[in-house]
Every structure is written in C-alpha cells, then in structure tokens.
Amino acid sequence: MIKRSVLCLFIAGLTGCGGSSDEVPQVSDIQPGFGNDVTESFEADMQFYAPNFISHKGELIVQNLKDNVETRHQVESLNRFSLTLPVDGQYHFKFEPDNNQVSCPREQGCGRSLLNDPNDLNGNNEIDFGEPINAEISYEAIALPVPGLNQLLFSTFSSALVSAKLDSAIWSLTAAPNYHITQSTILNEQKAEYVANALTYADIMQQHATGQKDISLFSNAIAEGVSGNNEAVSVYKQLANQYLSETLLSEESNTVYRVSSAKVLLEVNELLRLGSSRELHTEIKPYTNELLTEVRNALGVLRLQDEQYSEEIKTKLEEVEDLANSDAQNAFLASLEVISDVVKHVSPFEGSVAGEYSLPRLNIEYQTEDGFRWIITGVRRGFEVDMDITVPQWRISPLLGDKIVGSGKGSVTKPDIALDFVFDQFEIVTEGRFDPNNIEEVVGVSDATGNVKLTQGSSILSGDIEIDYLRKRLSVRTIKAVIPYLSIDGVLTTPNQVTPIRLYANERSPLAMRSDMDLVFGAQLELPLNGGKDLRVQLSGEPDMLSDFTSADVSLILGGHVSELTVTNLVGNINLIVRGRDGYWVDIKKKKKLYTGGFYFGDKLVGDVRTIRGIPGILFPDGSFESLF
C-alpha cells in the first residue's frame with residue numbers, strides 16, 4: 001500500500017524521494033478530514049416508501065436518537081413526502097397511518113369470506129384484491145442518514161428489526177440495511193420496493209390465514225429465527241416467494257419486475273435465512289478512509305488492473321456457470337414433466353387399474369395397494385428416466401380442483417450429466433377437474449421439496465431443493481410449463497473447490513412464447529481466497545454470464561465489511577462503483593492505464609481518484625495521497 005504526498009511524488013520524478021519517512025506526510029498522520037472542512041455540517045434529504053397495502057396518509061414521527069429530539073409531520077401521501085435532516089447519527093422513523101385498515105394485497109384475492117363478513121364489500125363471498133383483511137401493520141425503521149439523497153423503505157420487516165436493533169446488511173449483503181438506499185439507481189430503487197412489498201405481504205397474509213390480528217407475530221418469528229429456529233420464519237419465506245411468483249406471472253407487473261427478479265429473489269430469501277447478526281452501529285464518521293480497505297478487498301475480487309475477476313474466483317464462477325447450463329435446466333424440467341404427465345394419464349380419476357401402461361417413450365408399472373404408485377422408465381427430452389412415485393392422497397373435487405400429494409425418487413441421465421433426486425413431498429393442484437378426453441389442457445400448480453445431486457463431468461452439486469412448477473394458459477390455444485421459483489441450498493464439489501452455495505432461479509419471461517426456460521439466477525457462494533478466508537459473494541444474472549466482467553453487480557462480505565460493486569466494461573473503458581457502510585462510495589473510471597473518478601461521502605466529494613506516476617489512488621485536498629492497490 002502506497003501513502004505519500006503529491007509533492008514527494010513530484011520530487012521523486014526528478015531526483016528520487018529522499019529524507020526520513022517522518023518528512024513524508026502520511027495519510028494516517030493527517031488530521032481527520034484530509035484537508036476537508038471537519039466543521040462542515042451536512043444535510044440529508046429523506047424520501048420514503050411504503051407498500052400500497054395500507055393508507056399513505058398519516059403522521060411521520062422522526063426521533064434523533066442522539067438527543068431524543070422528536071418531530072412530527074402530518075403527510076397526505078408518505079410516498080410523495082420528503083424532509084431534510086441534519087446528518088447527526090441514528091434516527092428512528094415511525095409512520096402511523098390515519099386509517100389502520102389493511103387491504104388484501106393478492107390480485108387473485110385472499111380466499112373465502114366468513115358468513116356476513118363486513119370485509120366482503122361486494123358480497124361475493126370472497127375477499128377480493130383491495131378489500132379489507134384482518135391484519136395490522138407497524139412501520140418503523142432505524143437508519144443513519146448521509147449527505148444528499150436517502151430513500152427509506154418501510155416494511156414490517158424493518159419494523160421487526162427496530163426493537164432488536166439488528167443490522168440486516170449482513171444478511172442481504174447490502175452496504176446499508178436493506179431498507180435504506182444511500183446511493184440510488186432506478187434498478188436499486190425498484191429492487192428495494194419489491195423486497196419491501198414481499199416481506200410485508202408475507203406478514204399480513206400470515207395474520208389473515210391464522211386469524212390472528214397481531215402485529216407481534218412477524219417480529220416474534222424473526223426473533224426465533226435469529227436464535228436459530230428457522231422453522232419459525234419458513235412460512236413467511238413461502239408467502240414472500242408466493243408474492244414474487246405472482247408478480248412475475250402477472251401481465252401488469254412482469255415487464256417491470258423481471259428486470260430485477262433474480263436480485264429480488266436472492267435478497268428476500270437471504271434476508272429470511274436470518275443467519276449471523278450484528279447490532280446497528282450508532283455513530284457516523286465524516287471523512288473516514290475505512291472504505292478504501294473495502295475497495296482493496298473488492299479489487300482483490302474484481303481485478304480492475306487486469307480487466308477480469310481474479311483467476312481463482314473466475315475459475316470457480318465458470319464452474320457454477322457449467323452447472324446452470326441448458327442441459328441441467330432440461331434435466332430438472334424433464335423430471336417434473338414426467339411426474340406431472342404420468343399421474344395425469346394413469347390415475348384414479350381415469351379409473352386406471354393396476355397393471356402395465358405406456359405413454360410416448362415411457363413405460364409405467366401402476367400399483368394401487370396402500371395408495372397409488374408409479375414405477376417409470378423410458379426417455380424424456382433426451383434423458384434416460386428411472387423414477388418411483390408414490391401418492392397416498394388423491395382428492396377429486398370439481399370446486400377446489402384435483403389435489404395430489406406424494407413423494408418420489410429417481411434419476412434423469414444422459415452422457416456427461418446425471419440428476420438424482422428424492423422428493424420428500426410434491427403436490428399438484430389443478431384448476432378444476434381433470435378432463436380425461438383433453439389431458440393436455442389441464443392447468444395447475446405443482447411444488448416439490450427434497451434433495452438433489454447434479455453430476456456433470458467431475459463437478460457435483462448436492463443439496464436441498466425447493467421448486468415450483470406450473471402449467472399456465474397463455475392464450476386460448478397455448479399452455480406453457482413455467483418454473484417461477486427454484487432454490488438449491490447445497491455444496492458444489494469440483495477438482496478446484498468445495499463451495500457452499502445457494503442458488504435461486506426463476507423463469508424471467510414466463511409469458512413469452514418461447515421454448516427455452518429462460519432462467520435467471522441469483523447465487524450466494526462462500527469462496528474463501530488466499531488472504532480472505534471469510535469471503536462471501538452474491539451475484540445474479542444469466543446462467544452463462546456469471547463470470548463475465550463486462551457487466552456485473554456483485555455484493556461481498558470480507559472481514560465483516562459488506563461492499564456492493566457495480567462494474568461496466570465498454571470496449572476497455574471500465575467504470576467501477578464500490579459502495580460501503582455509512583454512505584461512502586468510490587467511483588473509479590479506467591481508460592487504458594489512466595484512472596479518474598471520485599471518493600464520496602453521500603453526495604459530498606471527499607477526494608479525487610487520480611493517476612500519479614502510474615499509481616492510481618485518492619488525492620485529498622491537503623495533498624496526501626493513498627493508493628487504490
């Protein structure tokens with residue numbers, strides 16, 4: 001690491017920099033501020049967001065936790081309200097709507113109403129989208145405002161973190177707590193809004209489903225999860241993913257949501273894992289250079305000077321890409337299709353008796369003792385199929401739809417790839433009853449949980465799986481199979497690595513008339529490197545582009561510090577933005593061997609990125625210089 005004055009660099013260019021080290025102004029020797037005005041006061045411009053499930057008219061209460069001074073603001077619309085605050089440590093924000101009514105957030109409605117239910121406004125015996133439901137909400141958040149624009153996104157998740165004073169950044173790998181945006185882009189803002197919507201949806205739908213109008217249910221579940229009881233939050237994760245799937249499949253919301261769907265899916269699920277936690281820190285330090293350590297960590301992963309990832313991490317990411325290729329995707333799809341097709345065509349509904357059956361390129365041994373069982377061999381999508389499926393329950397209902405609950409195991413193989421699975425449970429629910437004369441027109445939803453082992457060459461991915469699969473009618477004559485949600489929590493083993501990995505995926509364009517699955521992935525990997533044993537990385541995008549350096553959004557945690565990185569590479573002109581804690585960020589532009597840009601605290605420029613004698617670094621107003629590498 002190089003720390004020297006510009007004057008010394010200039011003299012060194014002529015004669016060499018002599019004298020004792022005490023004569024060279026080191027950054028660590030300079031008074032905090034590096035030549036910036038340490039007495040300067042900063043202001044934060046605050047904007048707010050809350051999901052549309054509640055009224056946005058009400059009272060916003062803001063308390064400075066440093067001196068407990070409280071201000072109250074009557075707002076007509078929270079999402080259009082803004083205010084200016086001194087940058088002065090932690091603030092507690094609370095929104096109390098004038099109308100505490102909670103609306104059904106689900107476009108498909110929130111189920112059957114009770115007898116003479118006052119919430120059934122149109123009297124159709126259903127709680128429709130926008131009608132009241134029995135739930136209550138509290139919107140609170142604790143944040144450290146920074147100079148310039150701040151966006152605070154209320155959700156019941158942010159409220160649940162207030163009493164515990166926990167920092168969600170370490171769960172979601174966001175530089176600030178997930179509900180606080182200090183350096184905004186349109187995509188960051190959209191992602192944060194969907195995350196807030198999904199988490200709040202999960203809370204109010206759980207209250208509604210259990211009939212418990214209780215604001216503490218979610219916060220209690222999160223406290224249980226932090227203590228290690230992940231089962232307490234599992235239902236909230238399922239409901240949040242339901243919201244994301246329905247948003248993806250809606251014609252009204254798909255176009256906007258699909259751009260950020262992989263990132264949102266990754267963030268929501270990682271937030272609700274509730275792993276290791278830490279308390280929010282309360283002080284904010286103007287003119288600290290701590291971020292530069294994080295920048296150097298980031299540049300150990302994104303080798304800006306080499307215009308690529310580090311060789312070690314590039315190799316590992318390429319192996320992840322290999323596992324997410326089209327063959328792997330088709331192996332999963334083939335297994336789901338076979339289960340779905342076989343239980344449709346050979347079934348109690350059709351009056352099938354025990355015996356041998358066949359479908360195109362599939363042979364079925366059907367048994368009916370102690371439930372229903374299918375032993376299947378054959379070929380599907382070019383894969384050899386060998387499965388054993390058991391269904392102890394089969395509901396036939398014209399009103400509710402047929403429902404099949406079962407378990408199974410099997411393998412789907414072809415040269416150089418094998419998928420072995422055990423589904424502890426799968427469930428298929430149709431819309432209406434099967435039509436024996438028109439099986440291909442059957443639509444409905446399926447889901448499965450269990451474990452998988454995916455082998456390709458010398459690479460093995462093994463772990464727990466959750467998957468949703470459905471057949472959706474896109475037009476009068478078109479029905480399409482869709483995977484709106486897939487997660488694998490496991491370990492990737494190759495000759496180069498043994499890496500804990502969590503993969504999340506959805507079909508980005510489920511409403512498009514295309515034959516491929518068009519899956520996008522979010523991934524979190526534990527990738528210990530030399531000098532960085534605790535490195536965790538999150539990234540998202542096309543399954544065959546995760547190692548691509550030309551356009552990347554990467555989050556990482558190293559040494560307990562979370563950094564968010566955005567890199568674009570256009571014909572060798574590279575722009576890297578690194579965002580760290582407390583609103584500090586650095587913008588580095590590289591053209592050939594010339595580095596320029598800025599080092600910022602919120603919207604306050606702290607120092608310039610310069611290249612001096614071929615060395616890129618930060619030049620501070622007092623003339624001190626600190627290298628980037």
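A nonpolar core is a set of buried Ala, Val, Leu, Ile, Met, Phe, Trp, Tyr and Cys residues joined through side-chain atoms within 4.5 Å. The exercises below apply this to a predicted model.

**Exercise 1.** Find which residues touch the most other members of the largest nonpolar core.

*Solution.* Start with the core itself: it holds 170 residues. Phe48, Phe93, Phe154, Phe157 and Trp374 touch the most other members. Next, look at where the members come from. Helix H11 (residues 326–345) gives the largest share, 10 residues. Finally, look apart from this core. Another core lies there, with five residues, including Tyr49 and Ile181.

**Exercise 2.** Classify the ring pair of Phe34 and Phe620, and say where its two residues lie.

*Solution.* Take the centres: they are 4.3 Å apart. Pairing needs centres within 6.5 Å. Take the planes: they stand at 35 degrees, so the pair is tilted. Now place the residues. Phe34 is in the loop between helix H1 (6–14) and strand S2 (43–49). Phe620 is in the loop between strand S32 (615–619) and strand S33 (624–627). Last, check burial, which means under 20% relative accessible area. Phe34 has 5%, so Phe34 is buried. Phe620 has 2%, so Phe620 is buried.

**Exercise 3.** Do the classification again for Phe48 and Phe81.

*Solution.* The centres are 6.3 Å apart, with 25 degrees between the planes. Planes under 30 degrees apart count as stacked, so this pair is stacked. Phe48 is in strand S2, and Phe81 is in the loop between strand S4 (69–75) and strand S5 (82–86). Both residues, Phe48 and Phe81, are buried.

Technical notes. Residues are numbered from 1 along each chain as its sequence is written. This is a predicted model: local features need pLDDT of at least 70, side-chain atom pairs count only at pLDDT 80 or more; totals for chains, interfaces and linings use all residues. Side-chain values use heavy atoms; hydrogens and water are left out. Buried means under 20% relative accessible area, exposed over 50%, partly exposed in between (1.4 Å probe, protein chains only). Helices (H or I, at least four residues) and strands (E, at least two) are DSSP runs, numbered from the N terminus. Rings of Phe, Tyr and Trp (its six-membered ring) pair if their centres lie within 6.5 Å; planes under 30 degrees apart count as stacked, over 60 as edge-to-face and the rest as tilted.
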